[in-house]
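Have the sequence and the 3D view ready.

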Amino acid sequence: MSDKLTPAYDPQNIFAKILRGEIPAFKVYEDDKVFAFLDIMPRAPGHTLVIPKAPARNLLDITPDDLAAVAVVAQKVAKAGLVAFEADGVTLMQFSEPASGQEVYHLHMHIIPRVDGVPLKPAASIKEDMAVLAGHAERLKAALAA
Ligand code: AMP
């Protein structure tokens, strides 16, 4: 979908490639409308991205139905993150268009478990070790299945 608010969706964005299985991801959840996977440059342990399977550039062009589906999974992941990472709270973030800081143009909701007194790492700064991410994905999946 494209309108006056948003440029057209680009199917070559990196999250579309993850959805098509063209590049790997640490999947933590999937249903018919939504996919969730770890951010490879986490701002805190358990930092997860929740995305719609339908093509949507960001908040400005996603359909209400797909946005609702993303929100429901964001809540599930947020609750699981508290358990899996013994967190005290959770930060949600979503960026739409370059002015906001959006870098990947497939809608994604950041779900970041937060521990009292621990600041977020800078955005997209340090690529986490793959073995660490694999362990974090297992912890989140276990909490989501409980
Ligand atoms: P933004 O568009 O500003 O919300 O940021 C995009 C986010 O995607 C950043 O937090 C990146 O660390 C993350 N990211 C970029 N490439 C990948 C990837 N291949 N797998 C997982 N996360 C990614």
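Is strand β3 (residues 48-52) mostly covered or mostly open, and how many of its residues are buried? Keep in mind as you look that this is a predicted model. Strand β3 is mostly covered, with five of its five residues buried. Here, buried means under 20% relative accessible area. You can check this one side at a time: T48, V50 and P52 sit on one face of β3, while L49 and I51 sit on the other. Both faces are covered.

What does β3 pair with? On the one hand there is strand β2 (residues 34-38), joined to β3 by five bridges. These two strands run antiparallel. To find the pairing in your view, look for F35, whose bridge partner in β3 is I51. On the other hand there is strand β5 (residues 109-114), which also runs antiparallel to β3 and is joined to it by three bridges. Here you can look for L49, whose bridge partner in β5 is H110.

Now keep your eye on L49, as it leads us to the pockets. Which residues lie nearest the centre of the largest pocket? They are F15, D39, I40, M41 and L49, out of 28 residues that line this pocket. Two elements, α1 (14-19) and β2, each give two or more residues to that lining. Of these, α1 gives the most, with three residues. The largest pocket has a volume of about 610 Å³, and its lining is made up of 18 nonpolar, six polar and four charged residues.

The second largest pocket has a volume of about 160 Å³. Among the residues lining it are R43, F85, P113, R114 and K121. By class, this lining has nine nonpolar and three charged residues, but no polar ones.

How values were computed. Residues numbered from 1 in each chain as written. Predicted model: local features only at pLDDT ≥ 70, side-chain atom pairs only at ≥ 80, totals over all residues. Heavy atoms only, no water. Buried < 20%, exposed > 50% of the residue type's maximum accessible area, 1.4 Å probe, protein only. Helix = DSSP H or I, 4+ residues; strand = E, 2+ residues; numbered from the N terminus. Pairing = 2+ DSSP bridges. 1 Å grid on protein atoms, 1.4 Å probe; cavity = no way out; pocket = protein on both sides within 12 Å on 5 of 7 lines; lining within 4 Å. Points joined across faces, edges and corners; volume = space filled by probe spheres on them. Nonpolar A, V, L, I, M, F, W, Y, C, P; charged D, E, K, R; others polar.
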